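Biologist: I have a model open on my screen and would like to learn how to read it. Could you take me through it step by step?

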Amino acid sequence: MAETGKQPPTRLMSHFTNRSEKEQSSAWTSLWETNENDLWDRGGPNPALIDFIESRPGALPKARDGRKLKALVPGCGKGYDVASLALHNITVFGLEISEKGAGVARQYCSSQLSSSLDYNFGKESSTWRDGEKGEVRIIAGDFFARDWEAQCRNGVGDRAGFDLIYDYTFLCALLPSMRPDWRRRMSELLAPDGILVCLEFPMYKNLKAAGPPWGLNGVHWDLLAEGNSGVIDEPGDKGEGKGGQFERLSKFKPERSYEAGRDSDMVSVWRLKR
Ligand SMILES: C[S@@+](CC[C@H](N)C(=O)[O-])C[C@H]1O[C@@H](n2cnc3c(N)ncnc32)[C@H](O)[C@@H]1O
């Protein structure tokens, strides 16, 4: 449902009011320092991601040379989705701007890898629960810098780039003016045949309303397929997708998602144009 009228600002929105691009990182870090990460914490991994991995194996790039797929979760928060991907036999790097947040994520992921909660699995739980696991590495670093990337090389013969990058509540957490930089970094980080999986949220929110979270209905298409700034006035996918660096492989409404985005969340899957 689209927001109507003016909504009172939430604590998260107020915290970010009038902060410039340069102040964004420290603003997130300070929320971690004051234990206010509950402002966005949903208490578990996103079922839409789990269902995607379990029910669409053909959508994933092929693992090569006996190596596991390598994934990145930028702005990973407590690491719910990082742990869940690792429990599906993927090597996962979680990136978090806050040192404290990274510490929380390390602890959480290590506990899930040794004793995983049921919410990490979907219908195919029996296939995955007792199967091989991927490793997890949580890195404290800034998505917009490159200095952390060397920590993601995991051995001799490692190929460049990530096979899978998952964005949920990271793009919507950024100031709209930062969207072209988000796209540039995605294009630098993705392997040539890698996929970018975006859980598009919030779709119900007015595009002009203050964030975070910033409304994203139509933003991914404008930014990735059209090659525009991603700052748009009207919701929905428009144009022919000719100008952008990315092509959309699929977009669908997930059967399950978090309550906050139920009935409006969409999953879109992208790769770099060849
Ligand atoms: C809205 S929260 C979402 C967290 C997580 N994806 C989740 O669903 O629980 C955004 C997260 O991104 C982190 N973050 C913000 N800017 C970042 C940056 N430039 N690089 C890495 N992480 C960043 C914040 O510290 C915060 O944990």
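This is a predicted model: local features need pLDDT of at least 70, side-chain atom pairs count only at pLDDT 80 or more; totals for chains, interfaces and linings use all residues.

Biologist: Where is Ser257 found, and what is it in contact with once its neighbours within four places in sequence are left aside?

Modeller: Ser257 sits in the loop between strand 6 (246-252) and strand 7 (266-272). Leaving aside neighbours within four places, its contacts are Asn46, Pro47, Ala48, Leu199 and Asp265.

Biologist: Is Ser257 buried or exposed?

Modeller: The idea is to look at the relative accessible area and compare it with a cut-off: under 20% is called buried, and over 50% is called exposed. Ser257 has 15%, so it is buried. Lys22 has 81%, so it is exposed. You will find Lys22 in the loop between helix 1 (11-16) and helix 2 (24-33).

Biologist: And what about Thr169, what does its relative accessibility make it?

Modeller: Thr169 has 28% relative accessibility, so it counts as partly exposed. Its place is the loop between strand 4 (162-168) and helix 7.

Biologist: How many residues of helix 3 are buried?

Modeller: A general idea about helices comes first. An α-helix has 3.6 residues a turn, so residues three or four places apart point the same way. In this structure, helix 3 (residues 47-55) is mostly covered, with eight of its nine residues buried. They are Pro47, Ala48, Leu49, Ile50, Asp51, Phe52, Ile53 and Glu54.

Biologist: What covers the buried residues of helix 3?

Modeller: The cover includes helix 4 (80-86), helix 6 (125-129), strand 4, strand 5 (190-200), strand 6 and strand 7.

Biologist: Which elements do the buried residues of helix 7 pack against?

Modeller: They pack against strand 1 (70-74), strand 4, strand 5, helix 8 (219-225), strand 6 and strand 7. Among the buried residues of helix 7 (residues 179-189) are Trp182, Met186 and Leu189, along with Arg179, Arg183 and Arg185.

Biologist: Let me try one in helix 4. What is the relative accessible area of Ala86?

Modeller: The value is 0%, so Ala86 is buried. Ala86 is found in helix 4. Not counting residues up to four places away, Ala86 touches Val92, Leu113, Lys133, Gly134, Glu135 and Val136.

Biologist: Now the backbone. Which residues are joined by a cis peptide bond with omega of about -10 degrees?

Modeller: To read a peptide bond, look at its omega angle. The bond joining Phe201 and Pro202 is the cis one with omega of about -10 degrees. The bond from Pro212 to Pro213 is cis too, with omega near -5 degrees. Pro202 is in the loop between strand 5 and helix 8, and Pro213 is in the loop between strand 5 and helix 8 as well.

Biologist: What is phi of Asn35?

Modeller: Phi of Asn35 is near 55 degrees, a positive value in a residue other than glycine. Asn35 lies in the loop between helix 2 and helix 3. Thr169 also has a positive phi, near 50 degrees.

Biologist: Let me step back to the overall fold. How many helices and strands does the protein chain have?

Modeller: The chain has eight helices and seven strands. Of its 274 residues, 50% count as buried.

Biologist: Why does the radius of gyration agree with a compact globule?

Modeller: For 274 residues, a compact globule would have a value near 19 Å, and this chain has 18 Å, which agrees. Its C-alpha trace spans about 50 × 45 × 40 Å along the principal axes.

Definitions and conventions
Residues are numbered from 1 along each chain as its sequence is written. Side-chain values use heavy atoms; hydrogens and water are left out. Helices (H or I, at least four residues) and strands (E, at least two) are DSSP runs, numbered from the N terminus. The radius of gyration is taken over C-alpha atoms; the globule rule is 2.2 Å times the number of residues to the power 0.38. Buried means under 20% relative accessible area, exposed over 50%, partly exposed in between (1.4 Å probe, protein chains only). Contact means heavy atoms within 4.5 Å.
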